[in-house]
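Please work through each task with the structure open before reading its solution.

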Amino acid sequence: MGFDLDLTLADTRAGIAAVYEEVARRLGVAIDTAAVVERLGPPLEQELAHWLPAEAVPAAAALYRSLYPDVAVAMTTPMAGAAEAVAEVRRRGGRVIVVTGKHIVGAGRTVETLGLDVDEVVGSVFGAAKGVAISRFGAAAYVGDHVADIEAARAGRAVSVAVATGPYTEQALQDHGADVVLPDLTRFGSWYNAWCVSRSPEIRAVSTVM
């Protein structure tokens, strides 16, 4: 089973806002952290390009990543149902990979701090680029909050399980083609158990809203 990190397993909003505020202070630029948090998901450099000239983005990204582990991780909390979702996969003998756009250092520290029992963490990939890690790991499904995570699941030939805990509503996620749509991870266990019972080589996931 594959999972996204930000706003899927981890509520990173406060920590991310704090890091952007420190980056803005050090560089003497204005960054609207509320706007940043509202559109979490795309790569860091893409977000920084809204606030800085192109030539300043690489250095700002390096600064952000250097600050993130010490500033943001302690402010991060698990999303509702996250620990239980990972534990349910484990209970049934499954393996878990986290595939995220976050840099591997920050991602690894986040997973460790939240105490999530995962086999592997892959960072710095977004959208369909996540498909390589999903496929290599052999994840049968990938869970995420962003429409780009639906594209990631498709690229990895996995069932797309979308949770409406990020910037998109349940309807928007369904319209974008998610195979399964959940309001949040508190509903993951009931779906996962039913899916495990019914799953066979002949069965393919159908579009479902729970």
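**Exercise 1. At what angle do helix H5 and helix H10 pack, and which residues make the contact?**

Step 1. Helix H5 (residues 82–91) packs against helix H10 (residues 188–198) at an angle of about 20°, and their axes are 9 Å apart. That makes H5 roughly parallel to H10, given that angles under 35 degrees count as roughly parallel, over 145 as roughly antiparallel, 65 to 115 as roughly perpendicular and the rest as oblique. Axes here are lines fitted to C-alpha atoms, for helices over the stretch in contact, with angles running from 0 to 180 degrees between N-to-C directions, and helices are DSSP runs (H or I, at least four residues) numbered from the N terminus.

Step 2. From H5, the residues in contact are Ala 85, Glu 88, Val 89 and Arg 91, and from H10 they are Phe 188, Gly 189, Tyr 192 and Asn 193, where contact means heavy atoms within 4.5 Å. By class, this contact of H5 with H10 has four nonpolar, two polar and two charged residues.

The model is predicted, so local features need pLDDT of at least 70 and side-chain atom pairs count only at pLDDT 80 or more, whereas totals for chains, interfaces and linings use all residues. Residues are numbered from 1 along each chain as its sequence is written, and side-chain values use heavy atoms, with hydrogens and water left out.

**Exercise 2. Describe how H4 packs with H1 and with H6.**

Step 1. Helix H1 (residues 13–27) and helix H4 (residues 57–71) have axes 9 Å apart and pack at an angle of about 135°; H1 and H4 are therefore oblique to each other.

Step 2. In H1, the residues Ile 16, Ala 18, Val 19, Tyr 20, Glu 22, Val 23, Arg 26 and Leu 27 meet Ala 60, Leu 63, Tyr 64, Leu 67, Tyr 68 and Val 71 in H4. The contact of H1 with H4 comprises 12 nonpolar, no polar and two charged residues.

Step 3. Turning to helix H6 (residues 104–114), its axis and that of H4 come within 9 Å and cross at roughly 10°, which makes H4 roughly parallel to H6. Here Tyr 68, Pro 69 and Asp 70 in H4 meet Val 105, Gly 106, Arg 109 and Thr 110 in H6, and these residues divide into three nonpolar, two polar and two charged.

**Exercise 3. Which residues lie nearest the centre of the largest cavity, and which helix supplies the largest share of its lining?**

Step 1. The largest cavity is lined by 27 residues, of which Asp 6, Gly 41, Pro 42, Gly 101 and Lys 102 lie nearest its centre.

Step 2. H1, helix H3 (44–48) and H4 each supply at least two residues of the lining, and the largest share, four residues, comes from H4.

Definitions and conventions. Nonpolar A, V, L, I, M, F, W, Y, C, P; charged D, E, K, R; others polar. 1 Å grid on protein atoms, 1.4 Å probe; cavity = no way out; pocket = protein on both sides within 12 Å on 5 of 7 lines; lining within 4 Å.
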